[in-house]
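Please keep the view open as you go through the points.

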Amino acid sequence: MLYERSERAGNYGGSCSVSLPPILSRAGLTSSQSRRKGVEVIDLHCHILPGLDDGPQDWEESVQMARMAIKDSISGIVCTPHLTPVYPENDRAAILASLEQFRSRLEQAHIPLELYPGAELAIDPYLPERIDSGEIMSINDTRCFALIEMPVEIIPPHLDRFFWSMQSKGVGIVLAHPERNSALMKDKSLLFKWVSAGVLVQITASSLEGEMGRSTRDFAIGLLERRMVHVVASDSHGPTRRRPALSAARAVVESVIGKEEADKIFYDNPRRLLAGVEPDCAPPLLQSPGKTSFLKRLLPFRK
Ligand SMILES: [Fe+2]
């Protein structure tokens, strides 16, 4: 079964042009049916392949993470090792080879976790060509969307130009954890500008749970209120470092923006991205509506 090409294009331009796998209809379930069954939660950002980056050390830890994910009702994980100057060898071929080994191990262990290929890519002006050529990995290897790592402290120069060059090649951007960037916290208009231009935002589950500090949690909740969160993922790096779990963060999201919007973030959008299809997004808001500030004060805060 082939999907029609996605006509995704942000204001920076571009469109996707590959044939896509049947993620949305897997197991013969429609989106709403599988949601009712509660078996289709996908973690779009997880360092679960061992020995490739600062994720798990060995297969034992990877399998342990898989068991934890299943226990938390996660049914699928996009394996996203870093591709950075520190980890330059994690190209598409290396990730696919490791993924196949992991699939075999999960099968042997009778763990029913679906695995999808991915990578967390450091910003690099040559990324569009390297994705287009098939050298490096996009989300689910569709070349339609790429998970781009947002640095924690700085805003890289010429970022607008980078976004434009990606979208010009038909590769949509899913920006990983911008809520952890101190410069974006200070200038809230920047992320608004990028999202308005088609950039998608993935925030980290533990940010919403308060594990990254109060200012990160408050910024993340503000992004939810301003319709600037498209995916929540674990960004887990091991059984103890940001565990592979999403249910606690989902409870926070539901309390802030309601169940219907939470369903989009946790069910619909990840599956659309896996299939190379643009999420159905409402336009972002420059300011928080303000009506949920009361809820924000009530949310539990750890650490
Ligand atoms: Fe990550």
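Helices here are DSSP runs of H or I with at least four residues, and strands are E runs of at least two, numbered from the N terminus. On that basis, the protein chain of this predicted model has twelve helices and nine strands.

**The chain overall**
- Of the 303 residues in the protein chain, 47% are buried.
- Among contacts in the protein chain with a separation of 6 or more, 77% join residues 24 or more positions apart.

**A three-stranded sheet**
- An open sheet is built from three strands in the order β1-β2-β4, with parallel pairing.
- β1 (41-46) and β4 (114-117) are its edge strands, each pairing on one side only.
- From one strand to the next, the twist averages 25°.
- β1 and strand β2 (residues 74-79) run parallel and are joined by four bridges; Val41 has Ile74 in β2 as its bridge partner.
- Packed on the sheet is helix α3 (residues 92-108), which touches β2 and β4. The direction of α3 makes about 175° with that of β4.

**Where α9 crosses α10**
- Helix α9 (residues 214-225) and helix α10 (residues 247-257) have axes that come within 10 Å and cross at roughly 50°. That angle is why α9 counts as oblique to α10.
- The crossing of α9 and α10 is right-handed.
- On the α9 side, Ile221, Leu224 and Glu225 take part, meeting Val253, Val256 and Ile257 in α10.
- By class, this contact of α9 with α10 has five nonpolar residues, one charged residue and no polar ones.

Definitions and conventions:
Residues are numbered from 1 along each chain as its sequence is written. This is a predicted model: local features need pLDDT of at least 70, side-chain atom pairs count only at pLDDT 80 or more; totals for chains, interfaces and linings use all residues. Axes are lines fitted to C-alpha atoms, for helices over the stretch in contact, and angles run from 0 to 180 degrees between N-to-C directions. Angles under 35 degrees count as roughly parallel, over 145 as roughly antiparallel, 65 to 115 as roughly perpendicular and the rest as oblique. A crossing is left-handed if the near helix is turned anticlockwise from the far one by less than a right angle, and right-handed if clockwise. Two residues are in contact if their C-beta atoms, placed from the backbone, lie within 7 Å. Ala, Val, Leu, Ile, Met, Phe, Trp, Tyr, Cys and Pro count as nonpolar, Asp, Glu, Lys and Arg as charged, and the others, Gly among them, as polar. A residue is buried if 20 or more other C-beta atoms lie within 10 Å of its own, exposed if 12 or fewer, and partly exposed in between; C-beta atoms are placed from the backbone. Two strands pair if DSSP finds at least two bridges between them.
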